[in-house]
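The stops below are arranged as a sequence of selections.

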Amino acid sequence: MGKLYVCDHPLIQHKLTYIRDENTKTKDFRQLVDEVAMLMAYEITRDLPLEKVKVHTPVIEAECQVISGRMLGLIPILRAGLGMVDGILKLHPTAKVGHVGLYRDPETLQPVEYYVKLPTDVLERELIVIDPMLATGGSANMAIDVLKKRGCQQIKLMCLIAAPEGVKAVQEAHPDVDIYVAAVDDYLNDHGYIVPGLGDAGDRLFGTK
C-alpha cells in the first residue's frame, strides 16, 4: 500500500490557512499556492539519492554530495495543477514538465481525458503528479493510469488538500504510489467538494468562476 505523508511543517500549515480563506484574493492565493508547493517539494524529494563529488573550495579540495540517479519530471493535471509547478521548479529547475488534461463531468463527477503531452525521456525520470485537490481520486487515478500505460513506474502524487475518500481510492487503485498532502480534510459533500476544503482551486488560481 502506498504511504500517505502529511506535510505538517508550521510554515505550510500557516500558509494553508490563508489559502483556505475565501477572502484571500487571486494574486495572494496564487502566491501562497506557489510557496506551499515549494515547501512541499522539499519534503517530497527527501529520499533523492546522492553521490560524492570533489570540489575545490577557496581553502581546500573537499568531498561533497550532489543529487544522483533519476531526474525529476513534473506532471501537473490541467488546469489547477499548473499553479503548483513554478514553486517546485524554484527548487528543482532542471525538472521537465509534462501535462495531463482532465476535466470532471459535472453530472457523473468522473474525469474525462482531453490532452496528454509528456517529456520524451519520461521513462528515465521520477515523476510527481500534481493537483491541488484530491477529492474523489478519479482525476489522480486517471493521470497515473496515463503514465503507467506509457511505461512509467516511479510515480508520486502531490496535492494540497485531500479527502479521505480520495486517499483511499488512490491507494486501492495504485498501491505503489506514495501520496504527499498538506492536509487531509473531513469528507466530500454531495457535489464532490472537499469539506472544509478551499473551494475550486482552478477558479481561485486563475480568477474564473
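**Before selecting**

This is a predicted model, in which local features need pLDDT of at least 70 and side-chain atom pairs count only at pLDDT 80 or more, while totals for chains, interfaces and linings use all residues. Residues are numbered from 1 along each chain as its sequence is written, and side-chain values use heavy atoms, with hydrogens and water left out.

**Stop 1: the whole chain**

Helices (H or I, at least four residues) and strands (E, at least two) are DSSP runs, numbered from the N terminus. Along the principal axes, the C-alpha trace spans about 65 × 40 × 30 Å.

Switch to a surface. The chain exposes about 11100 Å², of which carbon and sulfur atoms supply 52%. Accessible areas come from the Shrake-Rupley method with a 1.4 Å probe; for residues, only the protein chains shown count as cover. Buried residues make up 45% of the 209 residues. Buried means under 20% relative accessible area, exposed over 50%, and partly exposed in between (1.4 Å probe, protein chains only).

**Stop 2: the nonpolar cores**

Select I19, M40, M158 and L160, which touch the most other members of the largest nonpolar core, a set of 36 residues. A nonpolar core is a set of buried Ala, Val, Leu, Ile, Met, Phe, Trp, Tyr and Cys residues joined through side-chain atoms within 4.5 Å. Elements that each supply at least two residues of this core include α1 (10-20), α2 (26-44), β4 (71-78) and β10 (155-162). Helix α2 gives the most, with eight residues.

Now centre on M158. Not counting residues up to four places away in sequence, M158 touches A37, M40, A41, I44, M84, I88, I128, V129, I130, D131 and Y180. Contact here means heavy atoms within 4.5 Å. A second, separate core of 24 residues includes V129, I155, L157 and V170.

**Stop 3: two single residues**

Is K15 buried or exposed? K15 is in helix α1 and, at 17% relative accessibility, counts as buried. Beyond its neighbours within four places in sequence, K15 is in contact with L32, E35, V36 and L39.

Move to Y114 in strand β7 (residues 111-117). With 46% relative accessibility, Y114 counts as partly exposed. Its contacts, again leaving aside neighbours within four places in sequence, are L78, G101, L102 and Y103.

**Stop 4: two cis peptide bonds**

Most residues other than glycine have a negative phi, and most peptide bonds are trans. Select L78 and R79: the peptide bond from L78 to R79 is cis, with omega near 5°. R79 lies in the loop between β4 and α3. The peptide bond from V195 to P196 is also cis, with omega near 5°, and P196 lies in the loop between β13 (194-195) and α6.

**Stop 5: salt bridges**

How many salt bridges are there? The count comes to eleven, where a salt bridge is a side-chain nitrogen of Lys or Arg within 4 Å of a carboxyl oxygen of Asp or Glu.

Select R20 and D185, whose side chains meet in a salt bridge (2.7 Å, N to O). This pair links distant parts of the chain: R20 is in helix α1 and D185 in the loop between β11 and β12 (187-188), 165 residues apart. R20 is partly exposed at 24% relative accessibility, whereas D185 is buried at 7%.

Next, select D121 and R125, which form a salt bridge of 3.1 Å, N to O. D121 is buried, with a relative accessible area of 13%, and R125 is buried at 4%. For the pair R46 and E43, the N to O distance is 3.4 Å; R46 is exposed at 56%, and E43 is partly exposed at 24%.

End with D47, E126 and K156, which are linked in a network of salt bridges.
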